Amino acid sequence: MEDLIRHEGQINQQLARYGVKFGIYKDGQFHERLFPFDTIPRIITAAEWTTLEKGLAQRVRALNCFLRDIYGEKRILANGVVPEDFVYRSPGYLPACEGIVPPGGVYSHISGIDLVKGKDGVWYILEDNLRIPSGASYPLIARELCRRCSPETFRRHPVVDNRGYGELLRKTMDSVNTGGINGVFTPGRYNAAYFEHAFLAEKAGAVLAESGDLYVRDSQLYYRSTQGDEKVGAIYRRVSDEYMDPLCFEPSSLIGIPNLMAAYRAGNVAVLNAFGNGAADDKGIYYFVPRMIRYYLGEEPILSNAPTYLPIEDKDRQYILDHLDSLVIKDVAEAGGYGVVFGSKLTKEQLADMRETILARPRRFIAQEVVDFQDLPIRDNGETVERKADLRAFVLSGAEDTVVWPSGLTRFSRNPDSFIVNSSQGGGFKDTWILSR
């Protein structure tokens, strides 16, 4: 570890040279900045990882079952395990996806599951990101540069190699490919995660394409190349659902692919992740994931949710109103650390306003107990200090299996008084070491 700290200046210079950036929109303007990297890694023991790996794979399998069910037979709704109107009122539920079974039957191919480790030693799931989760490229490039600057560090420590992510991504795409090349679909260089789009396309051996590079003819997606047009069998999209096809979703979208939905509906192209996945990573649906695991898999959940309450449930609603000043309130439609309100930071007037808002729109919110999660050491102006940190684990699901990448994106707050670690809120990142023994 000391070697990495000694080389931190050199490592960050290399990250800057490679353009490891994350864009932030602030006051309506796009600001591109280097993604702050901390050289002290998060370390997870082999035994701890074994439990996390099993729990993460279990959770994603259940979520894929849920998506297949709600757009198909709807058994979980008919049996009252999850309230029907709660699903259909989710902003992520897309009626256009009804009856569509994607190639291989997989909906969430790349799942980004956010966890924190409490000071009680228990890992808690905070969110399930099943639409376009970002972040895998950052620990990949950071590990590569750390290894280059300090190879002796990795000879001395039994760290599981994380360089296989590109191959895992390629295999996942290949397993659902309908015949043709693989592509990574990006909205362009002004997207916050454009560095990642280009980096992962290279690592997975896929073409990097924008909307002008792709078109649909006879319900088949094609890529315009210098060698002639080529069929696309799988497209890893980094564009939100509503902008993907202006003929099906948002008509004003200039970054989508007209008629893509027709090609997808015909089964001629796999879209990673599938359209309509937002119905399962809605923050309100999160409340029901333990039930899904029991219902679909017949198993007890290996990993725990943070203690969560739903305002639509009478008992939960009363608890929320009675304890509002100690809970975290989350807007289910928001992401990236936005729409998160700590009741302890509200004035009496603001608490009264929040109560009225929750009563008027109970489907819009969830409430959670504040998980006092662990601080990790980071370097700040030459000193070692401690800051809150979470972990985004990446689970890849192909037609045959579900694999948890033995690495992950550890994000930390740069503010000593903040629990918000999101990159879009100015947080930094560090490598995650999974020990082999």
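Trainee: In this predicted model, where is N64 placed?

Mentor: N64 sits in helix α3, which spans residues 46-70.

Trainee: Why is N64 called buried?

Mentor: Its relative accessible area is 8%. Buried means under 20%, so N64 with its 8% is buried.

Trainee: Which residues is N64 in contact with, leaving aside neighbours within four places in sequence?

Mentor: They are V106, Y107, S108 and S397.

Trainee: Turning to K117, what makes this residue buried?

Mentor: K117 lies in strand β4, residues 110-117. Its relative accessible area is 17%, and the cut-off is under 20%, so K117 counts as buried.

Trainee: What joins the side chains of K117 and E48?

Mentor: A polar contact of 2.7 Å joins them. The limit for such a pair of N or O atoms is within 3.5 Å. Leaving aside neighbours within four places in sequence, K117 is in contact with E48 and also with R42, V122, W123, F373 and Q374.

Trainee: How far apart are K117 and E356?

Mentor: They are 239 residues apart in sequence and 33 Å apart in space, C-alpha to C-alpha.

Trainee: Why are α8 and α9 called roughly perpendicular?

Mentor: The axes of α8 (residues 165-176) and α9 (residues 194-204) cross at roughly 75° and come within 8 Å. Angles of 65 to 115 degrees count as roughly perpendicular, so these two helices are roughly perpendicular to each other.

Trainee: Which residues make the contact?

Mentor: From α8 come Y165, G166, E167, L169 and R170, and from α9 come L200, K203 and A204. By class, the contact has 4 nonpolar, 1 polar and 3 charged residues.

Key:
Residues are numbered from 1 along each chain as its sequence is written. This is a predicted model: local features need pLDDT of at least 70, side-chain atom pairs count only at pLDDT 80 or more; totals for chains, interfaces and linings use all residues. Side-chain values use heavy atoms; hydrogens and water are left out. Helices (H or I, at least four residues) and strands (E, at least two) are DSSP runs, numbered from the N terminus. Buried means under 20% relative accessible area, exposed over 50%, partly exposed in between (1.4 Å probe, protein chains only). Contact means heavy atoms within 4.5 Å. A polar contact is a pair of N or O atoms within 3.5 Å; within protein, one must be able to donate a hydrogen and the other to accept it, and residues adjacent in sequence count only if both atoms are side-chain atoms. Axes are lines fitted to C-alpha atoms, for helices over the stretch in contact, and angles run from 0 to 180 degrees between N-to-C directions. Angles under 35 degrees count as roughly parallel, over 145 as roughly antiparallel, 65 to 115 as roughly perpendicular and the rest as oblique. Ala, Val, Leu, Ile, Met, Phe, Trp, Tyr, Cys and Pro count as nonpolar, Asp, Glu, Lys and Arg as charged, and the others, Gly among them, as polar.
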